Amino acid sequence: MWKKIIQVAALAFLVLGIMGCGETQDKTEKLQDLKFTVMSEEQIPEELQDIISEKKESSFKLTFTDENDMYICVGYGKQPTGGYSISVTELYETENAVYIHTNLLGPSAGETKKESPSYPYVAVRLKKLDKTVVFT
């Protein structure tokens, strides 16, 4: 009787071990870089412009979708002067999400800059995807 139980348990562990050795794909592994367009203020839909205007004083990260497109926006809040820009260093898709990474770039040394505050942000447009956006 005990011998039979031990044999069944050993067989169960063997089967589970073999099943556990299967290759699994990491759900955060990059599948592909995404094509996107950086939007000028005039190109941004009016409803999204209104949302950005409300949020621009502080840092913000948001997404907005319409019938065909997804917009991803990252704002860096109030800066003391003009001359700032933002670079999109990564925008890619994984199995479960879209990842975006941006950097705020300050005014160049010696650059003549506007002395009034600025509110730098970037808005990118890409094809509509039904995935969560992760800001890194």
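A salt bridge here means a side-chain nitrogen of Lys or Arg within 4 Å of a carboxyl oxygen of Asp or Glu. Keep in mind that this is a predicted model. Searching the whole structure with that cut-off turns up 2 salt bridges, and there's also a surface patch of negative charge to look at.

**Lys30 and Asp33**
- Asp33 pairs up with Lys30 in a salt bridge, with the closest N and O atoms 3.1 Å apart.
- Asp33 is exposed, at 52% relative accessible area.

**Glu93 and Lys131**
- The other bridge joins the side chains of Lys131 and Glu93, at 2.7 Å from N to O.
- This pair ties together distant parts of the chain, 38 residues apart: Glu93 sits in strand β5 (residues 85-93), while Lys131 is in the loop between β7 (121-127) and β8 (132-135).
- Glu93 has a relative accessible area of 9%, so it counts as buried.
- Lys131 is partly exposed, at 22% relative accessible area; the buried label applies under 20%.

**The negative patch**
- Four residues, Glu46, Glu47, Asp50 and Glu54, cluster in a patch of negative charge on the surface.
- Asp50, one of that group, lies in helix α2 (residues 46-55).
- At 42% relative accessible area, Asp50 is partly exposed.
- Patch members must have over 30% relative accessible area and no salt bridge, so Asp50 passes the area test with its 42%.

Methods: Residues are numbered from 1 along each chain as its sequence is written. This is a predicted model: local features need pLDDT of at least 70, side-chain atom pairs count only at pLDDT 80 or more; totals for chains, interfaces and linings use all residues. Side-chain values use heavy atoms; hydrogens and water are left out. Buried means under 20% relative accessible area, exposed over 50%, partly exposed in between (1.4 Å probe, protein chains only). Helices (H or I, at least four residues) and strands (E, at least two) are DSSP runs, numbered from the N terminus. Patches are made of residues with over 30% relative accessible area and no salt bridge: like charges are joined within 9 Å, nonpolar side chains (Val, Leu, Ile, Met, Phe, Trp, Tyr) within 5 Å. Accessible areas come from the Shrake-Rupley method with a 1.4 Å probe; for residues, only the protein chains shown count as cover. Lys and Arg count as positive and Asp and Glu as negative; His and the chain ends are not counted. The place of a charge is taken as NZ of Lys, CZ of Arg, CG of Asp or CD of Glu.
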